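User: I have a model open and would like to learn how to read it. Could you walk me through it, feature by feature?

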Amino acid sequence: MSSGPSQLADKRRNYLELLRFCRDLENDANTDQDTGSVVLALNSLQDGPGAARSLFPLLYQNAGTTGLWDQLEQDAQQFLKTTAMVLVAREAASQRWLKKAIESFQKADIPIILLKGAAFSGYLYTEEAPRPGVDVDLLVQQRDFKTACDILQHTMNPLVIDEDRLATHENLFERVFMPDNSSNPAVELHRGLTNPHIFNISEDALWQASEPHCNYNNENVRVLSPNHTLLHLAVHGFRDLDFCSHSLLDADRMVLLRGIDEKSLYKDAQTWGAKAVLYHFLINCKQLMGTRIPVSLLSRLEPRRLSKRAQLMALANAPLETKGISRHRFRQLWSQLIFPDRLSAALKFQTHYSVTRFKDLLLR
């Protein structure tokens, strides 16, 4: 049975309460939150964790440190603890796999940038309370992409989503590999952060600004700079038409740890042509998470009135109310025209996509 509007609203409200509760409560003084709402949201998890599943280790940790644990229902305590322990163990297995994969890339002299959950493990989150990702995301340079694919294919199976779209598969900015062993993670190997042309993302700039991951003591295992991390989270939210996900928590922790260089972040957003998507992402961080985002930065990033209205209309129907792929596809196409700062970039991507689909037809 599908959920009615009020149930969907409750799920979203509970999810936001849980996101806020996963903040770094030890180091963030700006953490006032209604404990009754948090307890209600935690007790509701056993009815279906949904998107909050990846938050369980953090929820379990913070429930203990804040003293809310004893206020939870016994069944909720057991469910939260058991699921958190399973996810911690699974994340540890992913980290073991990743260390072996890094050794393989090292032998081939391929540097990597860890993305999203893989990047934040041991950086924004501890091993005891990680935020597990669905898969492991790795970025390599364009020149290394084929060799990196060959390395992963020795132990994993490349995923071709549609055999009738081989040209599309060859041109994807990311390729998915599925493990032979169910205890190992799926891998998304990237040669770019998102679809080409929509945003002006320089590979050289990404790598030059990147930093060694603090957990590996290896110059060839890197993470995006704080600016590029925030922009990547924003661009990823744009792809999903959802600026209200666990990425808000990642950004909140990044800002708490590294702060914001307003001038350079604005300049990078301007270079990417991603001021609008960064605005929508950061305004949610500020309003929903209480993240310390400078008002002056938001004012500079804010789209013009008509553009902003069109963007908000596209987002209003996005994550929870999608009905049918055709409607969702139309919303994707429309969003590609109204969110990027440069219309020419969106049109260039649409041309690229049309040519690729034509090649799919020729290859059938």
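**Reading the sheet and its helices**

Analyst: An open sheet of 7 strands runs in the order E3-E4-E5-E2-E1-E7-E6, with mixed pairing. Its edge strands, each pairing on one side only, are E3 (156–158) and E6 (211–212). Strands here are DSSP runs of E with at least two residues, helices are runs of H or I with at least four, and both are numbered from the N terminus. Two strands pair if DSSP finds at least two bridges between them.

User: Where did this model come from, and how are its residues numbered?

Analyst: This is a predicted model, so local features need pLDDT of at least 70 and side-chain atom pairs count only at pLDDT 80 or more, while totals for chains, interfaces and linings use all residues. Residues are numbered from 1 along each chain as its sequence is written, and side-chain values use heavy atoms, with hydrogens and water left out.

User: In what sense do E1 and E2 pair?

Analyst: E1 (residues 112–115) and E2 (residues 136–139) pair in the antiparallel sense, over 3 bridges. To find the spot on screen, look for leucine 115, which stands opposite aspartate 137 in E2.

User: Which strands does helix H4 lie across?

Analyst: First, the general idea: axes are lines fitted to C-alpha atoms, for helices over the stretch in contact, and angles run from 0 to 180 degrees between N-to-C directions. Contact means heavy atoms within 4.5 Å. Now the case: H4 (residues 74–107) lies across E1, E2, E3, E5 (187–190) and E7 (221–223), running at about 20 degrees to E2. Helix H6 (residues 145–153) lies across E3, E4 (174–179) and E5, at about 165 degrees to E5.

User: At what angle do H4 and H6 pack?

Analyst: About 130 degrees, with their axes 11 Å apart. Angles under 35 degrees count as roughly parallel, over 145 as roughly antiparallel, 65 to 115 as roughly perpendicular and the rest as oblique. H4 and H6 are therefore oblique to each other. H4 passes H6 in a right-handed crossing. For handedness, the crossing is left-handed if the near helix is turned anticlockwise from the far one by less than a right angle, and right-handed if clockwise.

User: Which residues make that contact?

Analyst: Trp97, Ser104 and Phe105 of H4 meet Ala148, Ile151 and Leu152 of H6. By class that's 5 nonpolar, 1 polar and no charged residues. The sorting rule is that Ala, Val, Leu, Ile, Met, Phe, Trp, Tyr, Cys and Pro count as nonpolar, Asp, Glu, Lys and Arg as charged, and the others, Gly among them, as polar.

User: How do H9 and H10 cross?

Analyst: The axes of H9 (residues 226–240) and H10 (residues 247–258) come within 10 Å and cross at roughly 165 degrees. That makes H9 roughly antiparallel to H10. Their crossing is left-handed. The contact residues include Leu230 and Leu233 of H9 and Met254 and Val255 of H10. They divide into 6 nonpolar, 2 polar and 2 charged.

User: What does asparagine 195 touch?

Analyst: Leaving out residues up to four places away in sequence, asparagine 195 touches Phe173, Arg239 and Phe349. Asparagine 195 is found in the loop between E5 and helix H8 (203–209). Its C-alpha atom is separated by 8.9 Å from that of arginine 239, 44 residues apart along the chain.

User: Where is the pLDDT below 50?

Analyst: pLDDT is the predictor's confidence in each residue, from 0 to 100. The chain averages 90, and 91% of the residues score at least 70. Over residues 1–8 the pLDDT is below 50, and this stretch has 4 contacts beyond near neighbours in sequence. Residues 319–324 are also below 50, with 10 such contacts. Where pLDDT is low, the predicted coordinates should not be read in detail.
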